[in-house]
Amino acid sequence: MDKTELRKLQAFLRRALGNEGVRVTADPKNPDDAAVHLGERRIASISVDDEDGDRSFAFEMKIPVGREVLQSYLRKLFENDRLSIVARGRKMDSVELNADGEFLGVISADDPKLSSFTLQVAILDFDLEEE
């Protein structure tokens with residue numbers, strides 16, 4: 001990823017998650033990936049998907065809490081009360097993350113006990129267009 005993509009990804013995540021403290025940097029271990037930080041803490045990673053000729057990005061963040069506190073954990077982490085968890089029909093092992101009613105990504109259970117989760121957000125090239 002080049003510096004322009006990193007800057008655009010950072011701007012997108014700041015808007016989507018509602019927190020200006022989100023930083024996106026190159027991953028020193030893999031130049032095709034990026035690291036996502038909140039303050040000094042690394043909270044997520046972003047990888048590139050170049051399949052089918054379209055460039056997109058996959059945001060992935062581990063969430064070390066159970067389902068009963070998932071929404072409050074994310075709201076507190078990002079200091080954003082507009083984040084909400086929405087059920088996905090009959091699916092019990094995953095929920096959607098929305099911001100102001102807009103879909104952001106899917107949060108899937110990492111284990112059958114629903115004690116930890118992973119947030120995945122697909123970021124398409126048009127999501128990075130500057131407003």
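**Figure 1. Burial and overall dimensions of the chain in the predicted model.** Of the 131 residues of the chain, 41% are buried, where buried denotes under 20% relative accessible area, exposed over 50%, and partly exposed the range in between (1.4 Å probe, protein chains only). This is a predicted model, in which local features require pLDDT of at least 70 and side-chain atom pairs count only at pLDDT 80 or more, whereas totals for chains, interfaces and linings use all residues. Residues are numbered from 1 along each chain as its sequence is written, and side-chain values use heavy atoms, with hydrogens and water left out. The chain comprises two helices and eight strands, arranged from the N terminus in the order α-β-β-β-β-α-β-β-β-β. The radius of gyration is 15 Å, close to the 14 Å that the globule rule gives for 131 residues, so the chain is as compact as a globular protein of that length. The radius is taken over C-alpha atoms, and the rule is 2.2 Å times the number of residues to the power 0.38. Helices (H or I, at least four residues) and strands (E, at least two) are DSSP runs, numbered from the N terminus. The C-alpha trace spans about 40 × 30 × 30 Å along its principal axes.

Figure 2. The chain carries 19 positive and 27 negative charges, whose mean positions are 6 Å apart. Lys and Arg count as positive and Asp and Glu as negative, while His and the chain ends are not counted; each charge is placed at NZ of Lys, CZ of Arg, CG of Asp or CD of Glu. Among contacts with a separation of 6 or more, 36% join residues 24 or more positions apart, a contact being heavy atoms within 4.5 Å.

Figure 3. Gln10 belongs to helix 1, which covers residues 3-17. The residue is buried, with a relative accessible area of 18%. When neighbours within four places in sequence are set aside, Gln10 is in contact with Val22, Arg23 and Val24.

Figure 4. Ala35 stands opposite Ser45 of strand 3. Two residues separate these strands in their hairpin, where Gly39 adopts a positive phi near 65 degrees. Strand 3 also pairs with strand 4 in the antiparallel sense, over five bridges, and Val48 stands opposite Phe57 in strand 4. The hairpin of strand 3 and strand 4 has six residues between the strands, and Asp52 in its turn has a positive phi of about 60 degrees.

Figure 5. Val65 lies in the loop between strand 4 (56-63) and helix 2 (70-78). Its relative accessible area of 15% classes Val65 as buried. Apart from neighbours within four places in sequence, the contacts of Val65 are Leu70, Tyr73, Ser115, Ser116 and Phe117. Val65 and Ser45 are 20 residues apart in sequence, and their C-alpha atoms are 18 Å apart in space.

**Figure 6. The hairpin of strands 6 and 7.** Strand 6 (residues 91-99) and strand 7 (residues 102-109) pair in the antiparallel sense over six bridges. Two residues lie between the strands of this hairpin. One of them, Asp100, is in the loop between strand 6 and strand 7 and has a phi near 55 degrees, a positive value in a residue other than glycine. Asp100 is exposed, with a relative accessible area of 52%. Phe103 in strand 7 is the bridge partner of Asn98. Phe103 is partly exposed at a relative accessible area of 48% and, leaving aside neighbours within four places in sequence, is in contact with Glu96, Leu97 and Asn98. The C-alpha atoms of Phe103 and Val86, 17 residues apart along the chain, are separated by 9.3 Å.

**Figure 7. Strands 7 and 8 and the loop between them.** Strand 7 and strand 8 (residues 117-124) run antiparallel and are joined by four bridges. Ile107 stands opposite Leu119 in strand 8. Leu114 is found in the loop between strand 7 and strand 8. Phi of Leu114 is near 55 degrees, a positive value in a residue other than glycine, and Leu114 is partly exposed, with a relative accessible area of 27%.

Note on methods
Two strands pair if DSSP finds at least two bridges between them.
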